Amino acid sequence: MADAERIAVLTGAGVSAPSGIATFRGAGGVWNHAELLRLASPEGYRDDPVAVWRWYAERLDTVLAAAPNPAHLALAALERRTPLTLVTQNVDGLHRRAGSGELVELHGDLTRSRCERCGHLDELVPPLDLPPHCSICGHRARPNVVWFGELLPAVALERATRAFANCDVALVVGTSGTVQPAASLIGLAGEAGAVTIEINPETTPLSRRVDLSLRLGAVEGLAEVVV
Ligand code: OAD
């Protein structure tokens, strides 16, 4: 890490778990509730936009009440020392609040709405009128997140791909590695000859594809590698 010239990092829900935000899979996971899986889809939104918004408004309250934890802060500190691109699958905005600047939010962010007509993004400030409307054109707005069955924003995916294909150290922290295309990014780094490191208390499909697997939580693992 001390010799690294360009670092790429992929994070998942495990990084925000110490901030009190539930992961998606495993015990207590968000997707254990079938009705929530349906809400996070274009079909769920088409059928009942207000129900979808009610759920996102609740999640917004949770993330606004949460604070970045030492794992978020360690990654922000690392970026001040070494050129680093942080690609996150998290939509909670905690990396941004921790001070990470070169940040790619692959799955969007639930702190903003996106106009369904003009694409304008509005910061969501509770209490919300549901559904929210665009501050520019007045049309209905949707949550600025990627749902099941939707494509990732092309610019974000391109930045993430470039970062992993051009790094000399790649870290993957707190993700189950089950969702594509995020899970493939670490392979790009390996092909480019980078040293690849996973931090996760559990074994994942990525564990056998990395050079070093640290079976630690995000806070403890990052304390080991960010020295
Ligand atoms: P998951 O819920 O699939 O996986 C969370 C991972 O975090 C697991 O591998 C846990 O072992 C690990 N974990 C738990 N506590 C941890 C801790 N304290 N420190 C480090 N790791 C810990 O979450 P993601 O991999 O982020 O997409 O899920 C990827 C995507 O699937 C999400 O962005 C979301 C979901 O469907 C969308 O909503 C588009």
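Student: Where does aspartate 92 lie?
Tutor: This is a predicted model. In it, aspartate 92 is in the loop between strand E2 (84-88) and helix H6 (94-98).

Student: Which side chain of opposite charge is nearest to aspartate 92, and how far away?
Tutor: That is arginine 97, at 7.3 Å. Aspartate 92 is buried but has no salt bridge; the cut-off for one is 4 Å.

Student: What does the side chain of aspartate 92 reach, then?
Tutor: Its side chain makes a polar contact of 2.6 Å with the side chain of serine 16. The aspartate 92 side chain also reaches the backbone nitrogen of leucine 94, at 2.9 Å.

Student: Leaving aside neighbours within four places in sequence, what is aspartate 92 in contact with?
Tutor: Ser16, Ile21, Val63 and Thr111. Val63 is one of the buried residues of helix H4.

Student: What do the buried residues of H4 pack against?
Tutor: Helix H2 (34-39), helix H3 (42-47), H6, strand E4 (108-115) and strand E6 (141-145). Among those buried residues are Trp53, Trp55, Tyr56 and Arg59.

Student: What span should H4 have?
Tutor: H4 has 17 residues (49-65), so at 1.5 Å a residue it should span 24 Å. Its end C-alpha atoms are 24 Å apart, which agrees.

Student: Changing topic: which residues come nearest to the ligand?
Tutor: Of the 21 residues around the ligand, Phe24, Arg25, Thr175, Ser176 and Ala218 come nearest.

Student: How far is the side chain of arginine 25 from a ligand oxygen?
Tutor: An N or O atom of that side chain is 2.6 Å from an oxygen atom of the ligand. A polar side-chain atom of asparagine 200 lies 2.8 Å from a ligand oxygen, and glycine 174 has a backbone N or O atom 3.2 Å from one.

Technical notes:
Residues numbered from 1 in each chain as written. Predicted model: local features only at pLDDT ≥ 70, side-chain atom pairs only at ≥ 80, totals over all residues. Heavy atoms only, no water. Helix = DSSP H or I, 4+ residues; strand = E, 2+ residues; numbered from the N terminus. Buried < 20%, exposed > 50% of the residue type's maximum accessible area, 1.4 Å probe, protein only. Lys, Arg positive; Asp, Glu negative; His and termini not counted. Polar contact = N/O pair within 3.5 Å; in protein donor to acceptor, adjacent residues only side chain to side chain. Contact = heavy atoms within 4.5 Å. Expected span 1.5 Å × (residues − 1). Near = heavy atom within 4 Å.
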